[in-house]
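Grab your viewer and work through these exercises one at a time. Try each task before you read the solution below it.

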Amino acid sequence: MPEQPIPEHDPIVTRSYALHYVVAMVILMATLFWALWDEGFGQRPWKAYQQEWKQRYTAFLGTARSKSEHTVTDLEKNPEYQQLSQAAEQADAASKTRKNELQKQITDLSAQILAVQNVFTDKRAYVNYLTYDIETETSASGKESKKKDLEEYKKETWTVEFPDGHKEKYDFRHLEEKYNELKDERTKASAELGEVLKPVTEASTKLSEYISDHMVDLTPAQIDGLKKKTADWDPKIMQINVAEANIVDRCESCHMGIREPLKLTAASMTPKGAKKPDEYAQAFTSHPEPDLLKTHDPEKFGCSPCHQGNGRATTSVEKAHGNYEHWLWPLFPKQNAEAGCQTCHAADMVLVSGDVGWTISEGKDLFRQKGCMGCHRYEGYDKEPEELNSVSQQIKQFEQQKIENTKDAADLMKQADAAESNEEANRLNDKAVALRVSNSKLDGRIQQLDFQSHSLLQDMKKVGPNLKDVRLKLNRNWIPVWLKKPTDFRPNTKMPNFRLNDEQIRSISAYIWQSSFTDPLPKQKTGNAEHGRELFETRGCLACHSIGEGDQMQGGTFAANLTRVGEKANFDYLVRWIHNARQRTRPYCPYEKKDIGPEDYAKKGLPYVFDLQHSRCPNDGHELQVQNMTVMPSLRLSIEDAQDIATYLMTQKKQEPSAYADASFMEDPKLKEEGKKWVRQFGCAGCHEISGFEDEGRIGTELTFEGSKPIERLDFALFTEVAQRGEREPITDKQDLARLPEGPAKGPWYDHKGFFEHKLAEPNIYDQGKIKSDTEALRMPNLHLDKEQIRALTTFLLGSEESSLPASYQYKPGDTRRDIQEGWWIVKKYNCMGCHQFIPGQRTVLMGMKHYQDIPEQLPPKLLTEGARVDPEWLRKFLSNPSLSTTDTNRNGVRPYLAVRMPTFSFSDNELRKLVRFFEALSQQPIPYIPEEVPTLSAKESDMARSLFSSTAAPCLKCHATGDPQHDKIATAPNFLLAKERLKPDWVERWIIDPQAVSPGTSMPSGLFRKQGSQWVFAGPTPPSFQGYDKDHTKLLVDYIFQLTPEEQRRVAAAMGRTRASTAPPGTGKPASAARMAASGGGSR
Amino acid sequence: MDWRQLWEIASAPDNVPIVGMIPLLAFYIYLAWKQAKANDELIGELEASPAMAKTHHRKSWPFRPGWSKEVHVWPFLLRIEFLAAMIVTIILMVWSITLSAPLEEPANPNLTMNPAKAPWYFLGLQEMLVYFDPWIAGVVMPTLIIIGLMVIPYIDTNPLGSGYYTWKQRKFAIGTFLFGFIVLWISMIIIGTFIRGPGWQWFWPGQTWDHNRLIYEVNRDLPDLFGIASNWAKAVFGAIVVGGYYLVGGFVAHGLFRRYNPKDYKRMSLLQYSIMMFFLLTMVGLPAKMLLRLAWHIKYVWITPWFNV
Amino acid sequence: MNCRKNWVVMTGLLCLLGLFLLVGCNKSEAPEQTSSAPEKAAPAAAATPIDPATAASISGTVKLEGAAPKGAKIDMSQDPACKGANMAETIVADGGNLANVFVYVKEGLGDRTFDVPKEAATINQEGCKYHPHVLGAMAGQNIEIKNSDQTTHNIHPTPKDNREWNESQPPAAAPIEKSFAREEIMLPVKCNQHPWMKMYVNVVKSPFFAVTGPDGKYEIKGLPPGDYTIAFVQEKLGEQTQKVTLAAKDSKTVDSSFKQ
Amino acid sequence: MAEDNQNGKNGNRLGLLERVKAGVKEDVQSLKTDLPAKAKDQVEHLKDPTKTQVYTSIFRHKHDDTPRNRALGVLSNVFLHLHPAKINRDAVRYSYTWGMGGITFYLFIVLTFTGVLLMFYYHPTKVQAFRDVLYLEHDVPFGKLLRNMHRWAAHLMVIAVWLHMFRVFLTGSYKKPREFNWNIGVLLLVFTLLLSFTGYLLPDDQLGFWAVTVGTNMARATPLLGHEGPFGHMLGMTPYNDVRFGLLGGSIVDANALLRSYIWHCIGIPIVASVLMIVHFWRVRKDGGISGPAPVMLESEVKEPK
C-alpha cells in the first residue's frame, strides 16, 4: 500500500459538494429547458413553416392584389359596369335624406326606451314578486289583502327622466304602455329603414357580383381578406380529423397553401433572389388539381387516404411523409402520385371524370394489354374463367335443389293423401305445389345461367394468338427465330423475351408444332395488293394494328405490327383470319377437354357446323368454344377484299420466308415431352391457347394487393443491402438501364417503387449473382417496356393496396355508375377508344394519323353523348350487327359514306347488355327508355317543314344520305330515315341547335337557329309560310324528321333539284317511281 | 469491414442500453478491482505483522484517530443520494430527448420478423436455444439460475470478505460468479445482440447481415457418433453420458476444490457441498455443451422419447 | 446548507436564462434575413417600338421547279347555286411562279411583341370558293367572313393548336367575326357542304408576313435590322426556310423555290 | 351594543349616549395603539418563518447543524427514516456502494410516475393500443418524452439492478446475517425483468409482438406443463390448456395476452415488487445497515466451527 499523506481534516466530513451541485443543477436546468424547447420547437418544425408562410404569402398576395386591381380598373372602364355603378350611386343618393332621418329617429327612440326601461323593469320585478306571493297565499283573507297591496302599488306613480331632460310621471299601467309603444315605434322605423336601403344594397350587390363574375382571378377585396387572414395567423396545428375513417391529417400545418384559392407554384413562393425553390417554396404550393379536391372534399377525405404518409406526425418531414422504417404507408412518390387513385378506384378502368393522360389509367391498360394478367391474378382482370367456374357451380347446386324439391313434393303429397283432416291435406298439398313452382323457377335460373356460360365462353379472350393453329398459320422455320428474341423480329411486339436457351427453344417449338391442328385450309387466290393497301389504310385496321417500322410506323399499338407478317404467315390462313379472325379450325369442348373434329359430328350424323348458333358439343351437349379467343373483330369484308389485304400484307416482308434456316428438328417427336415441360414452366398458356394446356392456371403471384405487401416479402435477393444503401445500380444492360423511369439509382431504393421498377426494367435482375437451375430461375420475361410504361405500371402496382379505409370510402357504386364501371372494361377490352372519342380531349389512334388530317369528317363518330342520342334497343341491334342488314353486310349501317368500318365484334349478350347500359349511364339516361311521343304534324306544318328542309338556306339533304346511290356517294351524314328508330327526339333538337357543343368538330355547322325571345327560329331566310308561326322551328323540324317517310324524302330531294326551293306544292305526295328517284337524285349533282 | 452494418446494430434504440452497459460494467469492474487490490495488500501487510493488526483501522482508506467513526446521514449521505438522483435524471432526460423509443409496424402475426429477438436482457437465454431445447433454455435454466442465486448465501461458508472488496480471500466464489455473470450472462447478451443476425446466424462484427445467407451445418447426436441406433439404447447411453459427466466432473472438481480450497471444503456440510457441486457442474456444463455444438456439431447428447438434452 | 443550496439554484437559473436569451436572440434574427418579399410578374409587355428610320425590307419571288400541274377542274354541279368555273388551287403556278405561298419571319424577332391591327382580315365566299385561298393574320386579329353566294355555306376550321368551330352562314347573312389566339401555320378551313371549298389561314405573332401573288412575288416591310429565318410554306409542298441578315434600311431579295 | 341600548332604555337617555360615545372613543383609541404594535410584532414574527406554527407543525425540529437536529432530520422524516441517523463513516463512499440500490429505487419511482401518466392515454385493446401509442407520440404534450423516459428508465433499471447485485456479491454482503435479504433481492431482480418484459408487448407493435412470441414460445416447452415440453403429452397438455395458454390467455399472442400483460405490468407485479422492496429496505436496516465498508478480516481471526 503506497503511503499517502493523511490529510489533517476528515475529508468525508469537510469535503464540499457545492461545485458538484452547481454543475449538476445547471445541467439539470438546462436539460429541463431543453425538454421544454424540444416540446415547443424541436418537435414542432411546422412552426417555422408557418412563420415563413406568413411572409411569403403576404408578399405574394401583394403582387396578386396589384394585378387584380389592374384588372378591376380595366373592368371599371366597361360601360356595363359604369351603368351599374351609376345606378348604385343614384339609389344611394335617392335614399339618403330619408335614411338619415330614420337613423336619427331610431337613435332617439332607443335612448327613450332605455330611460323608460330603467324604471319599468324595476317596477315590473316588484309586481311579479307580489303576484307570485298572491298565487301561493293559502288563506283567502291574506289573498285579498295582498291583492289590495298590489292594486295600491300599481296606482303609485313614478318619474321617468327622458334623455332630452323633461320628466314625466306614470303609474304602472301607463309605464307599461309607454314602454311597448316606444318599442313598436322603433321596430317600425327599423323596418322602414330596411325598405329604404333595399335598392341601395341591391345595386351594390349587383356591382360586386358584376366584378366577381367578370374576374378570372380573385377580386381585390377577396385578396384583402386573404391578406388579413394571413396577417392575423397565429401558428397552430392544422388538422383534418375524420373519426369514422380514423383519418387525422396534419399535412396542412406545413402545406399551408394547398387549399388557397390562388394558384401557388413553387416558383411563385420562392423568395426574391433565391435561384431554386427551397423546401419551403415546394411545401407551399397549392394543390395542382383543385378539381380533384372538389370531388374529394379534404374535410371528408383528408390527405393521407390518397397520398399516404403519416398524417399525424409533425416532428419532421421524414416522419410526416412516412419515409422511415416501420411505417407501412410511406408517401407515394411524386412521380407515382396517382397510385392513390387505385386504392379506391381499382374497379374503374377509366377514372370517372376527364380521364385523359392519366398515368394510373395507362398502367391499368398496360396490365391488360401486355398480358400481365395471363400470369398474375388481379381482381377484376380476366375474370371470365372464374365466373364460368362459379356459374357451373351454381348450376350444379340448383340441379341438386331441384331433385330435393321433387322428392320433398312427392313426400308431401303422400302425407296429404294419408292426412287425417281435409285442412291438413290441403295444407300439405299447397306446400307440394309451392315446391313444384319453385322448381320451375329454378329451371328458369338454370336456363339463365346456361346463357350466361354461353356468353362467358364467348367473352373469354387470350392476349396471344391460338397456338393450335401454328401448322396452318406459320412458316415453321420462323418459329425458333421468333422465340429466340421476339423484339428482333418485331420491336414493339407484346410477346416478351423469355431469355430461352437453344435447348428450350428447340423443345418448345417442337411441342407447339407437333400439338397443332393439321386440318386442310381452303386455297385462296392472290389479290390486288394496291387495293389491299387502300383497304388496309382506310377500313380502320390501323386503329389497332400498325405497319411500317421505325419512323415509318403508323397505326395503333393495341395489336401487332404487321410489317413482316409475310415472313411468318401462310397466305391462306391470313385470308381466313382477315375475313373472320374468330373462325376456329376446330371447336373445343371444355367438358371433355378435347378439340372436337368432324368425326365427332359424323358419329351423331350431324353436319360439321359450329358457330355461335351451333355451340353444343355433339358428344354431350355441353357448351363449346366455337370462336378463336381473340378480340379481333370481323370487318365484314368480302373474301376478295380479304384476299387483297392479305396480298398487300404479304408484300411488306423484308426477307423471303425461305431465307429462314431449316428447323426440321421440330418434327422430332422426342422433343415433345421436354417441350411440354418448358411450356408449362414459362406459363405460355397464360396468353396463348395451347393444346393440352387449356386449363392451365396462372404461374405468377397474385398482384391485387401487391402494393401493401410488407417490404420484407419482396425478394431483393442479393441486392437487399445494395438497395438499402443505394451504393450502386445493379442493372448493367444498357437497354434495360434506359427503362428505369428515374434513371440509374442515385440513392437507396429499398422500397416498393424501387423493387417494381427494377423488376419491370430487368425482370431477372434479382437472379443476378445467384446460381440457379433453369427451372428455378425467375420466369418473368422482359416485356421491353419504356420508361413511361414502367412508371405507369409501377404507379398501378403501388396503388394496389388493401385499403384500411372503411368500405364507404371505396368507390363501389351500386347505381348506374356501376354500369359505367363495367362498361369501361369492355370498351378497353376491344379498344373502342382506338376509333371513337368517349371523353372530350381523348385522342383516338385514327385522329393522330396523317390520312385523316385533311378529312377529319371521315373519322368514326364521336360517342360523347351516345346514350342520349340513340334508342338503347336500336343500339343493341346496331352493336350486334353494325351493318343493320342481314343480306348486305359489306357496309356500314348508319354511315355508309365512311370508308372506315364499324366492325362486328360478336359481343356476347352479356357484353351487349353491359355496353348499352354503359352508354345510357354515361349520358345519365333512365333505363328502361320510354320513347317520347312525337306529335303528328298538321298538313300546314308538314308543308312548312318541308319547305324549310329543302330551302337553300337549310340544305339538309345536301350532306345527309338519302339512300339514292348517286347522292350517297357525296353524302357525309346519315340518312334521316334512320332517325325514327335510332334517335331520341330531345337529343335531336339539342343537336340541331348547336351540334358543336354535342360533338365538337362535327361537319354539321352551328348557328342554324337563333333564339328570338323564347322561340328558336331558323337563322337564315325562312319561307313565307313561316309568317306568324310562333312555335319553335327546331321542334317542327325534329317532328318532321321523325315522321319522314321514304316517299316524303324523295319528294324533298326532288324539290331540291330545282333551283330556288320555295315550297313543294301540296298534293304531289304520290310515291315517286324508282326511275324518277334516280333521275332526280342525279339532278341534284 | 461493413461499418454501416455495425453502426446500424449499435445505434438501434433498443441496443443502446447494451452499448452503454459495456463501458459501465468495465468501469465498475475496474473500481472493484482497485479496491480489492488495496484491501488484499492491506491484508497481506496485516498478516505479516500482528502488531499492526492490533492497532490498524483495517481499511484501505486513510484514517486518523480523532475522526469520528460514524457520520450523520444528513447531510453526508443524503447529499450524495440527491446528487445521484439528479445525475440519473439528467441522463434519463437527455437520453429521452435525443433518442426515441422504438415503435415498429403494428403487430402482424403473418409477417415474421427476421431475426425475431427477445428483449435484450433475455438474449442470453435466447442464445441458449441454439444449444439446448426450449425446455432447458427457456424453463429449466432460468429456474436454475434463480435457485442458484438464492442458495449462494447458504452454501458460501467462507466467513471472510464480508463487507469489503477482496480477491485473495474469496478467489473461488468471486471467480465462479464472474464466470457466471460476465461470461455466461453478459457475453451471451452481447453475442445475441451484435453477432446473431438474420436466421439467428453467426455474423462477425462488421460482417453484413445478409438475409439470404445460407450456411451448411449438419448437426449430429452423440449416440449417432457411436453408431447407436435403438431408441432405448440411446436413452440409456445418454443417461450414462450425462450421469458420467456429473460423476466424473464431480470427482475432478472435488479433487481440485479439496486441494485448493481446503478451508471452505472443511467448513461445508454434505448438503452444502453437493448443492454447490451440482450447480457448479451444471454451470460448467453450459460451455461444455456449447463447445460440443460449435466444435463438433453435436446437437443432443441424451435422446429419450420424452425429452432430449 | 440551506443558504448554499439557494445560491446554487439561483446561479443555475441565471446561467440558463442567459443561455436561453442567447438562443432566443439568434432565433429572432433568422426570419428577418428572409423577409424580402418576392416580387415578380412585370406588367404585360407593351408593343416593342420599331424605329421606322432603320426599318429594312425583304422581297422576292417563289418559283416552282418542274412543270406546273394542270389545275383540275372542279365539278360544282352538286349545288346549282355555285356559279362560274372553279379550278383546284392546291398548286397554282403560272410560268413557274408559285402563288399562295405564305412567307413569314419564323425566327429572329426575339421577345418583341407587336400591336394587333384593328382592321379585320377578310375572307369572302364567292362562287363557292374562298377569296383569298391563303390568308395571313396576326394572333388575336379579327377575321371577317362574308358569304356572297346564294347558297348556305358553313365555315369549319380544323386547327391543331386553336379551338375548333363550325358555323353555318346562310346567304346574305351577316359576316362572321372570329379570331385565333395562338400561332398556327396552314390552319385548314373548309365548308362541309361543298367539299371542294378549302382555304388556309396562317396565324402568326408578328406583322411580318406575306402571301405570294399569282406572279409568285411577295414583300415584307418594316423589319428592324437583325438576323432572321424566313419561312416559305406551301399547303402541299411543305416548308422551306432561309436565313437572312438585315442591316438598317436594307432591302434584300430572298427567293425560294419548291420542287414538286 | 344591542344589550347596551336595552339597558339604556331604563336609565338616563343622555347618559346612555355619553356611554356609547365614550365606548366608541375607547375602541378607536385602542385600535390606534394596538394595530401598529401588532403589525410590528407580526413582521418580526414573519422574519423567521421557521418559528411559525405552520412551519413547526410540519418540521418538528430545527435545521441547524447540531448533531441532534441532523439526526432528527433523518429520523423524523417519513421518506428519510429508512436511513439510520448515523452511519459508518466510510459507507458514504461511492466507490464502495456504487449507489445502485438507490438508483434502482429512484428509477422505480420515475417509472411509476411516468407509467401512471402513460396509463391516462392507453387502452389495452387490440384496436386501440397501437393507435394510442401513436397518439402519445404525436399528440399528447410531452407524450413522446414521457414514453421515451419510461422506456429508457426501464432499461436503465435493469442495468442498475444487475450492477447492484454484482456489487453486493463482490463485497460479500449476502453473508450472514443478510442471506435472506439477498434472496429478496434475487426475487426483485426477477420481478424487474418481468416488469420490463410485460411492458414490451404493450405498444402492440412488431417488436413487442415477436419478442413476446419468442419469449412465451419457450413456455410451451415447460416440462410437464407445456404441450411441447417433456412429459407434457402424458399429462394431456395441448396448446389450449398448457402453461403458455395460461400466460397469454389464448393459444396466440392476441387481445387477451395484451390485457394480461397490461394488468401484470401495471398492477400485479408493481404491487408484489413494492411489497418486496419494503421488506428489502426493512431488512437492510434490521440486518445492521449496509454491510460495509467493513474492516478487513484476517484468516487467522476466523473462529472455526467445532
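**Exercise 1.** Which residues of β9(C) are buried on one side, and which on the other?

*Solution.* A word on the source: this is a predicted model, where local features need pLDDT of at least 70, side-chain atom pairs count only at pLDDT 80 or more, and totals for chains, interfaces and linings use all residues. Residues are numbered from 1 along each chain as its sequence is written, with chains lettered from A and ligands numbered from 1 in the order in which they are written.

Step 1: find strand β9 at residues 153–157 of chain C. Strands (E, at least two residues) and helices (H or I, at least four) are DSSP runs, numbered from the N terminus.

Step 2: sort by side. C:H153, C:I155 and C:P157 are buried on one face, and C:N154 and C:H156 on the other. Buried means 20 or more other C-beta atoms within 10 Å of a residue's own, exposed means 12 or fewer, and partly exposed is in between, with C-beta atoms placed from the backbone.

Step 3: look at the neighbours. β9(C) pairs antiparallel with β10 (residues 167–169) of chain C over 3 bridges; to pair, two strands need at least two DSSP bridges between them. C:I155 sits opposite C:E167 there. Strand β12 (residues 184–190) of chain C also runs antiparallel to β9(C), joined by 2 bridges, and C:H156 has C:K190 as its bridge partner.

**Exercise 2.** Work out how chains B and D meet.

*Solution.* Step 1: count the residues. Chain B brings 81 and chain D brings 91, where contact means C-beta atoms, placed from the backbone, within 7 Å.

Step 1: ask who contributes. On chain B's side, α4(B) gives the most, with 14 residues.

Step 2: sort that side by class. You get 55 nonpolar, 13 polar and 13 charged residues. Here Ala, Val, Leu, Ile, Met, Phe, Trp, Tyr, Cys and Pro count as nonpolar, Asp, Glu, Lys and Arg as charged, and the others, Gly among them, as polar.

Step 3: β1(B) and β1 (residues 86–88) of chain D pair antiparallel over 3 bridges, with D:I87 as the partner of B:V71.

**Exercise 3.** Check the length of helix α26 of chain A, then see how it is packed.

*Solution.* Step 1: α26(A) covers residues 639–651, and at 1.5 Å a residue its 13 residues should span 18 Å. The rule is 1.5 Å times one less than the number of residues.

Step 1: the end C-alpha atoms are 18 Å apart, so the two agree.

Step 2: 10 of the 13 residues are buried, including A:I645, A:Y648 and A:L649. Those buried residues pack against α22 (529–538), α23 (565–568) and α24 (571–579) of chain A.

Conventions. Two residues are in contact if their C-beta atoms, placed from the backbone, lie within 7 Å.
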